[in-house]
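Let's take a friendly walk through this protein together. Have a look at the sequence and the model first, and then we will begin with a single residue.

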Amino acid sequence: MDKRLIGPDMNKTILIPVENAEITRSDLLRKNLLDGSRKIKLTWLKGKRFLEIPVKPDVEGYTVIEQDAPEYYGKWQSLKDRLEGIIPSAELEYVPSGWQLIGDVIIISISQEIDSRKTETAIAKSLLKMYPRCKSVIRDFGIRGQFREPNRKIIIGDKVETIHKEHKCLFRMDVTKIMYSKGNLPERKRMSKVGSGEIVVDMFAGIGYFSIPMGVHAKPEQVIAIELNPVSYGYLCENIKLNHVGNIVKPINGDCAEVTPQGVADRVIMGYVGVTHHYLKQGIRAIKKSGGVLHYHETTPESLLFNRPVSRIRDAARAAGRKVEIMECRRIKKYSPGVWHVVVDARIQ
Ligand SMILES: C[S@@+](CC[C@H](N)C(=O)[O-])C[C@H]1O[C@@H](n2cnc3c(N)ncnc32)[C@H](O)[C@@H]1O
């Protein structure tokens, strides 16, 4: 399958029983929500005939799924195809096959082999032709520092602040200052399904990656969202308003090593990487005496999976005189060669 588009919103499709397909198709056509670049396909589900109707990203009111094998009308031109004859042929092999759409901004990592401004601009212009609703293209050089800030530069356009829509949640951010990991999407969705009626402490909240989906979908009693970086904290506050969860999510601008409340939480999210274990003491101490769940994230070399994160939790709990039951160990995404971003769910008693 010609893997061209990365990102969660380019192969959206709705699945409709054949008998209701025409009404739905004309309704979507009327609302200009059909994605005319892909073919409507027949598929079978549990012995019943369905049509996969390709749609644009933001369709409300239908069950939207990712189309496994989209079929395109005419010859779909990949980015590389579009740049043939426009950039030096020697550089074509370095043209990326993947990019990310955050709101109406395109984020692209381009190999260092391509350093000419001319080629960079040609790549960006082609991307804007592929995504006419996007306003700017930004080159990504990676994430750095305690605040996990992206190192990025604008290639075309001047729009860097955008609103990204995901799973019925809105995230405002300046993509030159704030990271947004597409690889964490499944974990964001998972966190949106837990916490109902609970007191939750999100120790590394960022712009609300977990706190917002949880507030919007799971309706906890309260989410205490702690963020140290004043820029991220500013967007966290904005996103709380944007998603109308001000009655649930309480933002705190501070260092979770100092401001994490003690003995209040039914659930604690430690969504950080690299040095998360330095904060395990505070994470465990935040959990109610009656017990609760800890979601402990870390970046772990393949060879230490899952012993290291598990033993770190056990050691910290023992030091706090608490019992641990390891509930689940999950790989979230490949972090770097041989290293995984993982999460361990543990019940702390
Ligand atoms: C990048 S986010 C985490 C990503 C998020 N879990 C996700 O799923 O995409 C980590 C956040 O923790 C914040 N942070 C780092 N150290 C912190 C600390 N000691 N206390 C509170 N927040 C902290 C960073 O500023 C950053 O916004």
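Is Gly 338 buried, partly exposed or exposed? In this predicted model, its relative accessible area is 36%. Buried means under 20% and exposed means over 50%, so Gly 338 counts as partly exposed.

Where does this glycine sit? Gly 338 is found in the loop that lies between E16 and E17. Setting aside neighbours within four places in sequence, Gly 338 is in contact with Thr 300, Pro 301 and Glu 302. Ser 303 is 35 residues away from Gly 338 in sequence, yet their C-alpha atoms are 8.3 Å apart in space.

Now let's step back to the sheet. Seven strands make up an open sheet with mixed pairing, in the order E13-E12-E11-E14-E15-E17-E16. At its edges are strand E13 (249-253) and strand E16 (324-336), each of which pairs on one side only. On average, neighbouring strands of this sheet are turned by 15° against each other, ignoring direction.

One pair is worth a look. Strand E11 (residues 199-202) runs parallel to strand E12 (residues 222-227), and four bridges join the two. Among the residues involved, Val 201 has Ile 224 in E12 as its bridge partner.

Helices pack on the sheet too. Helix H7 (residues 230-242) touches E12 and E13, and its direction makes about 165° with that of E13. Helix H10 (residues 307-319) touches strand E15 (292-301), E16 and strand E17 (339-348), with its direction at about 135° to that of E15.

Finally, the whole protein: the domain assignment gives domain 1 (12-71), domain 2 (76-159) and domain 3 (181-348). The C-alpha centres of domain 1 and domain 3 are 36 Å apart.

How values were computed: Residues are numbered from 1 along each chain as its sequence is written. This is a predicted model: local features need pLDDT of at least 70, side-chain atom pairs count only at pLDDT 80 or more; totals for chains, interfaces and linings use all residues. Side-chain values use heavy atoms; hydrogens and water are left out. Two strands pair if DSSP finds at least two bridges between them. Axes are lines fitted to C-alpha atoms, for helices over the stretch in contact, and angles run from 0 to 180 degrees between N-to-C directions. Contact means heavy atoms within 4.5 Å. Domain bounds come from an automatic or database domain assignment. Buried means under 20% relative accessible area, exposed over 50%, partly exposed in between (1.4 Å probe, protein chains only).
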